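User: I would like to go through this structure with you. Could we start with one of its helices and then turn to the core, the rings and the charged pairs?

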Amino acid sequence: MIRDAGPGDAVEIAEIYNHYVINTVVTFEEDPIDANEIKSRIATAKTGALPYIIYESEGDGVIGYAYASKWKGRCAYRYSVEVSVYLAHGKTGHGTGSKLYAELFGRLSSLGYHVAIGGISLPNPASIALHEKFGMTKTAHFSEIGFKFGKWVDVGYWQGILPAKS
């Protein structure tokens with residue numbers, strides 16, 4: 001079941017996210033975050049009228065989440081958002097990320113957003129495949145822009161035009 005995230009989901013979301021913080025270069029955060037920080041991020045999304053959603057599985061609880069955030073602060077960027085999706089460790093490869101993105105992109109379209117942008121630490125073939133499944137194309141590549149775990153990491157950006165609001 002996909003639904004809006006709320007403060008009561010913060011502990012499970014933090015557990016999912018912190019796996020990536022501690023073990024991967026998928027995020028450039030280096031220190032685990034707590035539930036209060038997740039609550040703040042959910043509140044920020046809601047204040048900006050942006051979706052922050054979870055995929056909840058009976059028996060497993062929250063196994064994934066996706067959200068949108070403002071792309072840039074300047075007014076002319078107001079129809080563009082950055083999108084992110086994270087799945088619980090061991091829960092990838094079953095279509096959950098696709099379901100979350102389909103819901104997220106549908107909500108963004110209905111809210112009148114025009115462009116979705118996804119940043120991907122490289123290499124990451126699974127994330128590239130997910131973004132391209134939704135018609136996103138690579139529009140930028142920044143070499144050695146992040147430094148984590150003692151190595152330089154490239155980041156690519158994928159962009160997609162959202163369907164017009166119906």
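**Helix, core and side-chain pairs**

Analyst: The 15 residues of α3 should span 21 Å at 1.5 Å a residue, and its end C-alpha atoms are 21 Å apart, which agrees. The expected span is 1.5 Å times one less than the number of residues in the helix. Helices (H or I, at least four residues) and strands (E, at least two) are DSSP runs, numbered from the N terminus. This is a predicted model, in which local features need pLDDT of at least 70 and side-chain atom pairs count only at pLDDT 80 or more, while totals for chains, interfaces and linings use all residues. Residues are numbered from 1 along each chain as its sequence is written, and side-chain values use heavy atoms, with hydrogens and water left out.

User: Which residues of α3 are buried?

Analyst: The buried residues of α3 are Thr96, Gly97, Ser98, Leu100, Tyr101, Leu104, Phe105, Leu108 and Ser109. Buried means under 20% relative accessible area, exposed over 50%, and partly exposed in between (1.4 Å probe, protein chains only).

User: What do they pack against?

Analyst: They pack against β1 (2-4), β2, β3, β4, β5 and α4. Leu104, for instance, touches Pro51, Ile53, Ala66, Tyr67, Ala68 and Val83, not counting residues up to four places away in sequence. Contact here means heavy atoms within 4.5 Å.

User: How many residues has the largest nonpolar core?

Analyst: The largest nonpolar core has 44 residues, and those with the most contacts inside it include Leu104, Ile13, Tyr52 and Tyr65. Such a core is a set of buried Ala, Val, Leu, Ile, Met, Phe, Trp, Tyr and Cys residues joined through side-chain atoms within 4.5 Å. Among the elements that give two or more residues to this core are α1 (10-23), β2 (52-57), β3 (61-70) and α3 (96-110). The largest share of this core, seven residues, comes from α1.

User: Turning to the rings, how many aromatic pairs are there?

Analyst: A search of the whole structure finds twelve aromatic pairs. The rings of Tyr52 and Tyr65 have their centres 5.9 Å apart and their planes at 0 degrees, so they are stacked. Rings of Phe, Tyr and Trp (its six-membered ring) pair if their centres lie within 6.5 Å; planes under 30 degrees apart count as stacked, over 60 as edge-to-face and the rest as tilted.

User: Where do Tyr52 and Tyr65 lie?

Analyst: Tyr52 is in strand β2 and Tyr65 in strand β3, so the pair ties together parts that are 13 residues apart in sequence. Tyr52 is buried at 4% relative accessible area, and Tyr65 is buried at 2%. Ring pairs also link Tyr17, Tyr20, Tyr52, Tyr65, Tyr67 and Tyr86 into a cluster.

User: And how many salt bridges does the structure hold?

Analyst: The structure holds seven salt bridges, each being a side-chain nitrogen of Lys or Arg within 4 Å of a carboxyl oxygen of Asp or Glu. Arg3 and Asp9 form one of them (2.8 Å, N to O). Arg3, Asp9 and Glu56 are linked in a network of salt bridges.

User: Are Arg3 and Asp9 buried or partly exposed?

Analyst: Arg3 is partly exposed, with a relative accessible area of 25%, whereas Asp9 is buried at 5%.

User: Which residue does Asp60 form a salt bridge with?

Analyst: Asp60 forms a salt bridge with Lys91, the closest N and O atoms being 3.2 Å apart. The pair links distant parts of the chain, 31 residues apart, with Asp60 in the loop between β2 and β3 and Lys91 in the loop between β4 and α3.
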